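Here are a few exercises to work through with the model open in your viewer. Try each task before you read its solution.

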Amino acid sequence: MNYRAFGRTGVWVSPLCLGAWQYGQRTPKADALRMVDEALAAGINFIDTASGYGRGESEEILGEALQPNGKRQRVFLATKFTYGVSRQQIMEQCHASLRRLRTDVIDLFQFHSSHAHIPIDESLRALDDLICAGKVRYIGTSNFAAWQEVEALWAAQELHLNRPISSQPAYNLLDRRAERELLPMARTYGLAVIPWSPLAQGFLTGKYDRNNHPADGRLTNQAGVQETGNVETHHQEQVFDLIGLLHELAAAKGCTISQFALAWCMNQPGITAPIIGPRTSEQLQDNLGACEVTVTAAEQQRIDTLIPPGQMLVHYMRVTTGPRARW
């Protein structure tokens, strides 16, 4: 496992981050505990969750999984505060997450989304106090637009506060819009980038094509698409043209489509570690195989003809773009 620098920090993380959003929901607790052990044994040292996943159950399961044999000390543990970004809400959520995760400190505490009605300095001051109190090591963002990231960096510098050190956008082969502004911004300011949904919520695993829409698939029907927050349907000709190309490229390499799609994501310029969200141990083992796959310049060029850099086929990136309150 080739570890990567986490932005401007001195932290080194695995090129894949284990996402725990399904723990306690679609993944039973016993399976989740086993998967954490399997991920650590494979060299994964980066795990991401959120207070909103299963209304805290994901954090509780991770807290239990990381207790034995000093496992917690081997992991860069990230979570997100979901229910509001005011000072009071951030403080309360941090203490609740610490309790559920059974830890004294959160390595990376992240906004789950931006809130245009709350001044950014309100949130940053609270997060800075948590860092100074030793309860949080670093702070990051999720689902921020590039201008919101820069606003947070500017406010932190202006007010002499700890700055965000990472960004968590949606980024996959169906939605490459992060390449327009967010990824160049992150490289300029030294932010780590940890994309969510690198497999497009399962659509890039190979189980979907023009003639095969699995009954248990989350994105089989339009209702499922709307449930995920996407506007455009996945079931369009251009999407299936891309799926067909991925079948061809993966077969030539002797890997699965999901491994090829993950390898593509993790090796794009500016990407630190895509967040995988396996539901089962079998899916986890498949995802880990992506670390052995490379994407050539010729393969990248063929992909670019179907989904050009900076473009999208399906809408994944969700950000709040309204003006912030005056601060």
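**Exercise 1. Work out the strand order of the open sheet and find which strands stand at its edges.**

Keep in mind that this is a predicted model.

Step 1. Trace the sheet from one side to the other: 8 strands line up as E9-E8-E7-E6-E5-E4-E3-E10, with parallel pairing, and the sheet is open.

Step 2. Look at the two ends of that order. Strand E9 (192-193) and E10 each have a single partner strand, so one side of each has no neighbour in the sheet.

Step 3. Zoom in on the E9 end. Strand E8 (residues 166-168) pairs with E9 in the parallel sense over 2 bridges. Pick Ser 167 and you'll find its bridge partner in E9, Val 193.

**Exercise 2. Classify the ring pairs Phe 6 with Phe 46 and Phe 81 with Phe 109.**

Step 1. Start with what you need: a pair of aromatic rings is described by the distance of the centres and the angle of the planes. Searching the whole structure turns up 10 aromatic pairs.

Step 2. Take Phe 6 and Phe 46: the centres are 5.5 Å apart and the planes make an angle of 85°. The cut-off for edge-to-face is over 60 degrees, so this pair is edge-to-face.

Step 3. Phe 6 sits in the loop between E1 and strand E2 (12-13), while Phe 46 belongs to strand E4 (residues 46-48), so the pair ties together parts 40 residues apart in sequence. Phe 6 is buried at 0% relative accessibility, and Phe 46 is buried at 0% as well.

Step 4. Now Phe 81 and Phe 109: with centres 4.8 Å apart and planes at 50°, the pair is tilted. This one links distant parts of the chain too, as Phe 81 is in strand E5 (residues 76-81) and Phe 109 in strand E6 (residues 106-111), 28 residues apart. Phe 81 is buried at 1% and Phe 109 at 0%.

Step 5. Go back to Phe 6 and Phe 46: together with Phe 76 and Tyr 138 they form one aromatic cluster.

**Exercise 3. Is Gln 259 buried or exposed, and what surrounds its helix?**

Step 1. Gln 259 is found in helix H9 (residues 257-266). Its relative accessible area is 12%, and buried means under 20%, so Gln 259 is buried.

Step 2. Check the polar end: a polar atom of the Gln 259 side chain lies 3.1 Å from the backbone nitrogen of Thr 256.

Step 3. Look further along the sequence. Beyond four places away, Gln 259 touches Asp 286, Gly 289, Ala 290 and Val 293.

Step 4. Widen the view to the helix. 10 of the 10 residues of H9 are buried, so H9 is largely enclosed by the rest of the structure. Its buried residues pack against strand E1 (4-5), helix H8 (237-253), strand E10 (275-276), helix H10 (281-288) and helix H11 (297-306).

**Exercise 4. Which residues have the most contacts inside the largest nonpolar core?**

Step 1. In soluble globular proteins, nonpolar side chains tend to be buried together. Here the largest nonpolar core has 89 residues, and Leu 18, Tyr 23, Val 36, Phe 109, Leu 173, Leu 174 and Leu 204 have the most contacts inside it.

Step 2. Finish with the second, separate core: it has 13 residues, among them Phe 6, Ala 78, Leu 108 and Ile 165.

Methods. Residues are numbered from 1 along each chain as its sequence is written. This is a predicted model: local features need pLDDT of at least 70, side-chain atom pairs count only at pLDDT 80 or more; totals for chains, interfaces and linings use all residues. Side-chain values use heavy atoms; hydrogens and water are left out. Helices (H or I, at least four residues) and strands (E, at least two) are DSSP runs, numbered from the N terminus. Buried means under 20% relative accessible area, exposed over 50%, partly exposed in between (1.4 Å probe, protein chains only). A polar contact is a pair of N or O atoms within 3.5 Å; within protein, one must be able to donate a hydrogen and the other to accept it, and residues adjacent in sequence count only if both atoms are side-chain atoms. Contact means heavy atoms within 4.5 Å. Two strands pair if DSSP finds at least two bridges between them. Rings of Phe, Tyr and Trp (its six-membered ring) pair if their centres lie within 6.5 Å; planes under 30 degrees apart count as stacked, over 60 as edge-to-face and the rest as tilted. A nonpolar core is a set of buried Ala, Val, Leu, Ile, Met, Phe, Trp, Tyr and Cys residues joined through side-chain atoms within 4.5 Å.
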